[in-house]
Amino acid sequence: PNFNPTSKKRCLLVNSLLVVCVLAILYIWNHSESSTTTAAIRRQAIVKAFKHAWKGYRKYAWGKDELKPVSGTSDESLGLGTTLIDSLDTLWLMGLEEEFAEARQWVAEKLVLNQSRFVNLFDVTIRILGGLLSTYHLTGDSLFLEKAVELGNRLIPCFSASSTVPFPEVNLATAQVVAPTSGCSPVSEVGSLQLEFRDLSLITGDPRYRQAVDAAMQGLQSHLQGGLVPRLVTQATGDFVHGAYSIGAGVDSYYEYLLKQYLQTGKTERKFLGWYEEAVTSISRELLGYSVPSHLVFLGTRNGTDFIPYMEHVTCFFPAVLALGYLHGCRQAHLPLARELMHTCYLLYKRSPTGLAPEAVYFNNRRVSTQADFEIKDVGVDMQNFLRPEAVESLFVLYQVTRDSRYMQWGWDIFQAFEKVTFVTSGGYSSILDVRGPPGYKDRMESFFMAETLKYLFLLFSDDTPLPLDKWVFNTQAHPLPIQ
């Protein structure tokens, strides 16, 4: 028979391409299966860690605000079972039905809101009110709504017609309010109440809650010049106390809630978007710095004309906000900035002898290339680690936005460091005194470790997240609330 050489070559080429395609499909399928299996194994490890933390809380601090895991005792500041309520939605998301049922019973039988004690408005709002609201949305259980409404009514006296700045403390039984002893309140404690109270109005149809926090936010904006805010605001007049500017403690969640109020309203109230984008522009212009020798991006502190290359760990919330804004239509440039800042935040862990980030660092930005990019100083609590959630929060959001698997690996690295360094055998995890080692236990497990840190790690390894970012918005304590 006669064979056409050209046809034969074509057949060989087609067969070769088919083989390559089949091999590629098999590789992708196997790799996908392997990745899925790895994520599931890691997710279960995080559930196991949560159960270990819960075991310590249940054994030594049940119904109290916080566990002191090393001494096997508890700490009480609000008297509202903070860790328990802060952890409710994490229990539910992780499918820990027995533990959730027991916690629900405590809320039903033991949570007393009519207490003659003064509590901090901000802490109670983000932790207790936020926890009750999110658990109601996730479960549909009216018990949590009833408690949330009662608590909201007991907090409302903080908001006064005499000032747009709410009083920071209230007696839950008598409704007596207390002005700050310094005359000033942190801006974050004024501008980070809105998601929770607005949600309460949406559920109940009672506009009082929304009106109260809207007045507080509008008051801040009326005194604003540019996109940056200082750390403090005067309680009586609403005037800012001008000083250093950063996005660290005292102001961090104010910036977070600018964007998240816009999202919560279903993007209908565009003033929030305008305020947020102006803030990001100002932050990028005034607070952005680069380290030597690695050119790491960081956000420092501005005091007049002086730029201080000092960044707190809490600043690592900002990559999450930038990525979330990008996802919802903000400027394209926000995502590369989020990724660069996330890399810096990860290196705070990676370059630490214990694998855990410090509370704060000073960056080298003076072109002295023989020095490291950043330094941990023996100042205050800078060298300590409080089991904070901000870095893993940003890893979760960035992974949801980009599907870049490096963020999962970075999260796993951080989790392993927590396991290695902060694990307390009898139950719980402890903050540490020095990330440079030897670490030393601080004997404190703040409620945000189970409410935020472990929740965000769990969600990071949940490919089919039960909380898609176009349907839910997280308050600053990681309690999910539905987008309208």
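Reader: Is Cys-345 buried or exposed?

Author: In this predicted model, the relative accessible area of Cys-345 is 2%. Residues under 20% count as buried. Cys-345 is therefore buried.

Reader: To which residue does a disulfide join Cys-345?

Author: The structure holds 1 disulfide. Its sulfur atoms lie 2.1 Å apart, S to S, and a pair within 2.5 Å counts as a disulfide. The residue joined to Cys-345 is Cys-316.

Reader: Is the link of Cys-316 and Cys-345 left-handed or right-handed?

Author: The angle about the S-S bond is -100°. With that value, the link of Cys-316 and Cys-345 is left-handed.

Reader: How many residues apart in sequence are the parts that this pair ties together?

Author: Cys-316 is located in the loop between β13 (310-312) and α11, while Cys-345 belongs to helix α12. Cys-316 is itself buried, with a relative accessible area of 0%.

Reader: How many of the residues of helix α11 are buried?

Author: Helix α11 spans residues 318-327 and is mostly covered. Its buried residues include Phe-318, Val-321, Leu-322 and Leu-324. Of the 10 residues in α11, the number buried is 8.

Reader: Against which elements do the buried residues of α11 pack?

Author: Phe-318, one of the buried residues of α11, touches Ile-247, Val-280, Ile-283, Leu-299, Leu-341 and Ser-394, not counting residues up to four places away in sequence. Taken together, the buried residues of α11 pack against α9 (252-264), α10 (270-286), β10 (297-299), α12 and α13.

Reader: Which residue with a positive phi follows α11?

Author: The phi in question is near 100°. The residue that follows α11 with this value is Gly-329.

Reader: Which strands stand at the edges of the open sheet of 3 strands?

Author: The order in this sheet is β3-β4-β5, with antiparallel pairing. An edge strand has a single partner strand, so one of its sides is left without a neighbour in the sheet. The strands in that position are β3 (118-120) and β5 (177-178).

Reader: Which residue in β5 stands opposite Val-170?

Author: Strands of a sheet pair through backbone hydrogen bonds, either parallel or antiparallel. Strand β4 (residues 169-171) and β5 pair in the antiparallel sense over 2 bridges. Opposite Val-170 stands Val-177.

Reader: Is Gln-384 buried or exposed?

Author: Gln-384 is found in the loop between β15 (374-375) and α13 (390-402). Among the residues it touches are Pro-358, Glu-359, Leu-433, Asp-434 and Lys-442. Its relative accessible area is 9%, so Gln-384 is buried.

Technical notes
Residues are numbered from 1 along each chain as its sequence is written. This is a predicted model: local features need pLDDT of at least 70, side-chain atom pairs count only at pLDDT 80 or more; totals for chains, interfaces and linings use all residues. Side-chain values use heavy atoms; hydrogens and water are left out. Helices (H or I, at least four residues) and strands (E, at least two) are DSSP runs, numbered from the N terminus. Buried means under 20% relative accessible area, exposed over 50%, partly exposed in between (1.4 Å probe, protein chains only). Contact means heavy atoms within 4.5 Å. Two strands pair if DSSP finds at least two bridges between them.
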